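Please read it alongside the sequence and the structure shown here.

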Amino acid sequence: MGPSGCGKTSLLRALAGLWTSGTGDIIYHARDSRQLQTATLGSNEPSNIKPEGEELLQSSKQRRDNGIFFVPQRPYMVLGTLRQQLLYPTWTANIHQSPTNDAQSKAPLSFLSEVSTSDGVGAKPEMPSTDELIRVLEVVRLGYILPRFNGMDSVHDWASVLSLGEQQRLAFARLLLAKPTLVLLDESTSALDDTNEVHLYSQIEAAGITYISVGHRKTLHRFHNKVLYISKSDSATGSLRNWELKPTDQKSIEESSPFAS
């Protein structure tokens, strides 16, 4: 948490391997594993992950394939069917048009795998069935859009026909299908009411997915163990630390400014 422009999104994008500016180390402790992963950021070279005993993984795609999923405030909507929205970006190489559309079902849409966006992809599980896609829409409370848009395989301009809140719920459906190790949520529930926000966080928690969030709402405290407050750097006091980490159960978190003593 912190004021606009303090670097919250930049930090998340660095963790996801999407931005490589700046210097420093990012250390990942993989769950159920002793393997330690370190990403080193240099000002003139790309970031990388160095799993113990393996070669450097230098691309952001390799970072995402290692189980990190990034969900931006406004999710990327691909040009295609509702099925393709749900399968993107984890199964882009497997996405086909509707099986009834013989002219377009023989090959995946090549442009999908070439698009670079801020959505991430975790370690790829088995491609979900149609029933599983329908079930995950129900889980994120989007089941009503199936009859509204004539099923999974009709094509629409999804960024226009879905509200931002619906697009955000669809992004949660994507991550529940992908089952990443870590998801980085950049104000990913900003367009949702409190009830839907609670529901979606409870779903990713129940799925055993570790998550880090950027947000402004104090309602987010209930879903997290700690909060990192960041303030804008002041050139006059540039030597002073501009961040503070606190447990979310501290009463002062709700009542005072981030850097109150």
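## Overall composition

Accessible areas come from the Shrake-Rupley method with a 1.4 Å probe. By this method the chain exposes about 13,700 Å², of which carbon and sulfur atoms supply 50%. The model is predicted.

The chain has 261 residues, and 45% of them count as buried. Its secondary structure comprises ten helices and ten strands. Considering contacts between residues at least 6 apart in sequence, 60% join residues at least 24 apart.

## Helix α1 and its end

Helix α1 covers residues 8-16, and its buried residues are Lys8, Leu12, Ala14, Leu15 and Ala16. A general point of geometry applies to such patterns: an α-helix has 3.6 residues a turn, so residues three or four places apart point the same way. Lys8 and Leu12 are both among the buried residues of α1.

Gly17 follows α1 and has a positive phi, near 80°.

## Salt bridges between separate parts of the chain

Side chains of opposite charge can pair when their charged atoms come close. How many salt bridges does the structure hold? There are four.

In one of them, the side chains of Arg83 and Asp153 meet with an N to O distance of 2.8 Å. Arg83 belongs to helix α3 (residues 82-87), whereas Asp153 lies in the loop between α6 (145-148) and β6 (155-156), so this pair ties together parts that are 70 residues apart in sequence. Arg83 counts as buried because its relative accessibility is 16%, under the 20% cut-off. Asp153 has a relative accessibility of 25% and therefore counts as partly exposed.

A salt bridge also joins the side chains of Glu166 and Arg148, at 3.0 Å from N to O. This pair links distant parts of the chain, with Glu166 in helix α8 (residues 164-178) and Arg148 in helix α6, 18 residues apart. Glu166 is buried, with a relative accessible area of 7%, while Arg148 is partly exposed at 40%.

The side chains of Asp194 and Arg217 form a salt bridge with an N to O distance of 3.9 Å. Asp194 lies in helix α9 (residues 194-206) and Arg217 in the loop between β8 (210-214) and β9 (226-230), so the pair ties together parts that are 23 residues apart in sequence. Asp194 counts as partly exposed, with 41% relative accessibility. Arg217 is also partly exposed, with a relative accessible area of 27%.

Which residues are linked with Arg217 in a network of salt bridges? The network contains Asp194 and Glu197 together with Arg217.

## Packing of α8 against α9

Helices α8 and α9 pack at an angle of about 10°, and their axes are 11 Å apart. The angle makes α8 roughly parallel to α9, because angles under 35 degrees count as roughly parallel. From α8, the contact is made by Arg169, Phe172, Leu175 and Leu176, and from α9 by Asn196, Leu200, Gln203 and Ile204.

By type, the residues of this contact divide into five nonpolar, two polar and one charged.

## Backbone exceptions

Most residues other than glycine have a negative phi, and most peptide bonds are trans. The peptide bond from Tyr88 to Pro89 is cis, with omega near -5°. Pro89 is located in the loop between α3 and α4 (110-114).

Arg141 has a positive phi, near 65°, although Arg141 is not a glycine. Its place is in the loop between α5 (130-139) and α6, and Arg141 is partly exposed, with a relative accessible area of 37%. Lys179, likewise a residue other than glycine, has a positive phi near 55°. Lys179 lies in the loop between α8 and β7 (182-186). Is Lys179 buried or exposed? Lys179 counts as exposed because its relative accessibility is 56%, over the 50% cut-off.

Methods. Residues numbered from 1 in each chain as written. Heavy atoms only, no water. Buried < 20%, exposed > 50% of the residue type's maximum accessible area, 1.4 Å probe, protein only. Helix = DSSP H or I, 4+ residues; strand = E, 2+ residues; numbered from the N terminus. Axes fitted to C-alpha atoms, helices over the stretch in contact; angles between N-to-C directions. Parallel < 35°, antiparallel > 145°, perpendicular 65-115°, else oblique. Contact = heavy atoms within 4.5 Å. Nonpolar A, V, L, I, M, F, W, Y, C, P; charged D, E, K, R; others polar.
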